[in-house]
Amino acid sequence: MGLLDFIWGSRGKDGKPPPHTAVSAAANLHEQGFVHLPGVLTAQECDRICEAFNDYVDQHREEADRFVMQTGRHSRLTNMHLVSEEAQLAISKPLVMDTLDVFFSDRAFVATSLFFEQSSEQAIHRDTPFFHTRPNNMFAGIWFALEDVHADAGPLQYFPGGHKIEIEPIQAAGTAPSELGDAFNRYIGRVAEEVNRRGIPPHIALIKKGDCFIWHPELPHGGTPIRSPGMTRKSMVFHCAPEQETMYGIEEYFGAVPFAPKEIRKVPMMAGRSMLQLERPMFAPNN
Ligand SMILES: O=C(O)CCC(=O)C(=O)O
Ligand SMILES: [Fe+2]
């Protein structure tokens with residue numbers, strides 16, 4: 001689909017055209033692989049999300065303690081939005097949802113989320129093996145800075161335009177479940193190799209509290225190492241897809257299981273949006 005098709009074709013269910021800012025944000029996402037939306041959340045809204053995290057930790061002390069890292073911070077909490085209206089409010093912001101609706105040419109829904117107290121220090125990767133659709137790329141990562149990002153706190157790095165690099169196709173079949181980790185590491189090794197070969201310089205997202213940064217599913221990105229031990233980089237990342245799509249995971253991506261229809265159950269969230277039905281938030285290791 002051409003750029004104009006998706007702009008003109010993107011009308012909401014009420015038939016109204018999307019706001020200009022959402023259209024240009026979605027165009028950036030297509031062309032550059034990312035879009036930076038400053039000041040989507042107020043400082044207070046950011047603080048409330050962090051308080052929701054602290055409350056969750058207090059209420060689930062035993063589980064939370066098992067995920068305290070050497071830095072004294074917790075590793076990521078998955079899907080806090082299931083129990084936090086503050087988090088739901090962030091992802092429901094009209095500019096964010098309008099941008100996603102235009103990008104998908106369909107209504108966006110919330111699949112999963114991650115709350116981070118500090119940089120994930122994750123190697124350069126694409127999210128596609130974990131979240132993908134058929135047709136491709138009907139997915140986005142929506143990242144909110146919940147405090148100003150300090151250069152020494154392991155900012156997010158990303159490679160503009162790197163979403164257009166074609167890496168050899170997904171293996172059709174044959175990866176054993178026990179080999180998925182190796183397949184992913186080989187794949188992200190290829191992504192980093194191609195980014196370097198083309199000389200795409202890394203960009204560092206030194207963005208401000210309340211800013212939102214959306215990435216294309218194929219944008220190479222990662223969390224840089226924390227240079228000043230103990231520094232936090234509080235953030236919340238949501239993963240959204242169009243309501244009509246089936247989302248697949250790493251097993252399908254690397255051919256451990258075939259692509260097959262799946263039942264995707266959604267439940268109402270807020271502001272007329274829905275979210276994937278999931279059991280509860282859970283802590284997980286950062287890598
Ligand atoms: O915030 C980070 O350090 C990276 C997060 C990330 O890669 C993701 O959520 O997909
Ligand atoms: Fe990622």
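**Figure 1. Lining of the second largest pocket in the predicted model.** The residues that line this pocket comprise eight nonpolar, seven polar and six charged ones. The second largest pocket holds about 490 Å³ of space. Its lining is made up of 21 residues, and N136, N137, H163, H216 and E218 are the closest to the pocket centre.

**Figure 2. The iron ion (ligand 2) and its protein donors.** Three residues coordinate the iron ion (ligand 2): H125 through NE2, D127 through OD and H221 through NE2. These donors lie 2.1 to 2.2 Å from the ion. Along the sequence, the donor residues follow the spacing H-x1-D-x93-H. D127 belongs to the loop between β3 (108-116) and β4 (140-145), whereas H221 belongs to strand β8 (residues 221-223); the pair therefore ties together parts that are 94 residues apart in sequence. D127 and H221 are both buried.

**Figure 3. The largest pocket and the residues at its centre.** The volume of the largest pocket is about 740 Å³. A total of 33 residues line the largest pocket, and those nearest its centre are R76, L114, F130, F131 and H239. Two or more lining residues come from each of β3, α7 (180-197), β8, β9 (235-242) and α8 (250-253).

**Figure 4. Composition of the lining of the largest pocket.** Among the residues of this lining, 15 are nonpolar, 14 are polar and four are charged. Strand β3 contributes the most to the lining of the largest pocket, providing four residues.

Technical notes
Residues numbered from 1 in each chain as written. Chains lettered and ligands numbered in written order. Predicted model: local features only at pLDDT ≥ 70, side-chain atom pairs only at ≥ 80, totals over all residues. Heavy atoms only, no water. Donors = N, O, S within 2.8 Å, 3.2 Å for Na, K, Ca; no water. Buried < 20%, exposed > 50% of the residue type's maximum accessible area, 1.4 Å probe, protein only. 1 Å grid on protein atoms, 1.4 Å probe; cavity = no way out; pocket = protein on both sides within 12 Å on 5 of 7 lines; lining within 4 Å. Points joined across faces, edges and corners; volume = space filled by probe spheres on them. Nonpolar A, V, L, I, M, F, W, Y, C, P; charged D, E, K, R; others polar.
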